[in-house]
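These are my notebook entries on a few local features that I looked up. The sequence and the structure are placed here for reference.

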Amino acid sequence: MPQDTFDLVIAANRLPVDRVREGGRSVWRRSPGGLVTAMESVMSGRDGAWIGWSGVPGKAPAAFEQGGMSLHPVALSAEEVRDYYEGFSNASLWPLYHDVIVPPTFRRRWQSAYDGVNRRFAETAAGLAAKNATVWVHDYQLQQVPQLLRELRPDLRIGWFNHIPFPPVELFMQLPARDAMLRGLLGADFLGFQRRTDAQNFLRACRQLLVDDDISVKADVVHAPDGHECRAAAVPISIDTAGMAELAETSGVQERAAEIRKQLGNPEHLLLGIDRLDYTKGIRHRLKALEEMYREGTLDPTETKFIQVATPSRERLDAYQHIKSEVEQTVGRINGEHAIFGAPPVTYLHRSFPREEMAAMFVAADVMLVTPLRDGMNLVAKEYVAAHDHSGALVLSEFTGAANELKQSYLCNPHDIARTKRTITRAIEASPEERARRMRAMHRQVQRHDVQHWAERFLSNLAAAPRQP
Ligand code: GDG
């Protein structure tokens, strides 16, 4: 008989697999993105359930087993996809939490859809969790689930992890639903953030915006109105370091890496960028720096090639269509000005690739360019480091969570194009000894702090939370 309750339940906007149509029939395919990459290796071997949306609007498919997990699709109507997902989550919260790189849009209709979907997730989790079970809620799409779930099931241990930044209170307070977001989160026993600053921003928002209410904040603990304590702390996420390192060493990946370099004419220097096509990732700033370098002759287009993988993302939103056309125009202009027959300096790939191909690109690249304007962590930076132990160089934006940990990278401020150019040059020209020294130190860091370490830290913080009085 199939199991009907679980000791560990994950609630995330998306399931780790997407419902897609292939050859006229519906099949499940692994979904892209940082959360899935991280949680997949955490959940393997644990007997748990995962609830999330299938990626297709309409009726939810039945629950099913995959990779040792019980997957429970949550239904979203087409209107909810528009208002809860594309609207409130990705046009209000996402830009607001990423330092208003594009202006957030607020609509009252979106908020009620967000409330309704959060309630559905809370009810589904309440129905699947065994007595005294642990429920681990993920990310900005589900900020009301902790409180709703606590009301339904006060016996549960509830944790929430924020994969994206939590903004300074001066920005956060723009959100019309700010009180509801804070109160929703306070239903948790433990809130995990990527950086200490994010946890502090959250605590400061509680102190400043819920001041007249029945809560109090002492150090990293908020005393909620029902008397329970909610702790907030930094638990930076990581990757399956050993998995990536082993994959990078396989002969298939090594051969493919050599082949990629050969296909590009065996350039002296190969630079690489891999991002979801999102305005937060700083792809435009990166291309601007490279365009100037090709123009000025600091980079020779026959010697230095650049691969940009831009995985399609949120394509129905205006801001994403806009960044896509800007990036594509710039790539077109650079190649138009500097290509020689059959050998453009920039190879632009707007699609997804299997993990093996990603690993081959990491291995092939001499310099990895990770230049977000704001990023919760950035797993790509850590994956590049995992794929190299003594070669390669990482240019990394100061505005990523990863910059707190990968201190031997070539740090840059992507807004400062002149210095970013100099930083790229330094990374390209660094001696093999300097590269090896920096990469070894970073490799050790991601080896010690891998995704299992992150999950254990999160779950032990959650387990240590005092029971409700
Ligand atoms: C959010 C936060 C935080 C990408 N394209 C392909 C592919 N990927 C994989 C990468 C990496 C993951 O997706 C992307 O993770 P990031 O961290 O770079 O970025 P977000 O998607 O924005 O993730 C971020 C993360 O959550 C985790 O907390 O770090 O700050 O924004 O693993 O390798 N994988 C494959 N093919 C692709 O084409 N196989």
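I noted that the model is a predicted one, in which local features need pLDDT of at least 70, side-chain atom pairs count only at pLDDT 80 or more, and totals for chains, interfaces and linings use all residues. I number residues from 1 along each chain as its sequence is written.

I then looked up the two strands concerned. β1 (residues 6-14) and β4 (residues 49-53) run parallel and are joined by 4 bridges. Strands (E, at least two residues) and helices (H or I, at least four) are DSSP runs, numbered from the N terminus. Two strands pair if DSSP finds at least two bridges between them.

**Entry on the sheet.** I recorded an open sheet of 10 strands with mixed pairing, in the order β5-β6-β4-β1-β7-β8-β9-β12-β11-β10. Which strands stand at the edges? They are β5 (64-66) and β10 (216-218); each has a single partner strand, so one side of each lacks a neighbour in the sheet. On average, neighbouring strands of this sheet are turned by 25 degrees against each other, direction ignored.

**Entry on a helix pair.** I found that α12 (residues 355-364) packs against α13 (residues 379-387) at an angle of about 70 degrees, with the axes 9 Å apart. Axes are lines fitted to C-alpha atoms, for helices over the stretch in contact, and angles run from 0 to 180 degrees between N-to-C directions. The two helices are therefore roughly perpendicular to each other (a term for angles of 65 to 115 degrees). The contact is made by Ala359, Phe362 and Val363 of α12 with Glu383, Tyr384 and Ala387 of α13; contact requires C-beta atoms, placed from the backbone, within 7 Å. I counted the contact residues by class as 5 nonpolar, no polar and 1 charged. Ala, Val, Leu, Ile, Met, Phe, Trp, Tyr, Cys and Pro count as nonpolar, Asp, Glu, Lys and Arg as charged, and the others, Gly among them, as polar.

**Entry on backbone angles.** Most residues other than glycine have a negative phi. I noted that Asp99, not a glycine, has a positive phi near 55 degrees, and that Val100 has a positive phi of about 45 degrees. Asp99 is in the loop between α2 (78-97) and α3 (108-128), and Val100 is placed in the loop between α2 and α3.

Val100 is partly exposed, with 13 other C-beta atoms within 10 Å. A residue is buried if 20 or more other C-beta atoms, placed from the backbone, lie within 10 Å of its own, exposed if 12 or fewer, and partly exposed in between.

Technical notes. Angles under 35 degrees count as roughly parallel, over 145 as roughly antiparallel, 65 to 115 as roughly perpendicular and the rest as oblique. Two residues are in contact if their C-beta atoms, placed from the backbone, lie within 7 Å.
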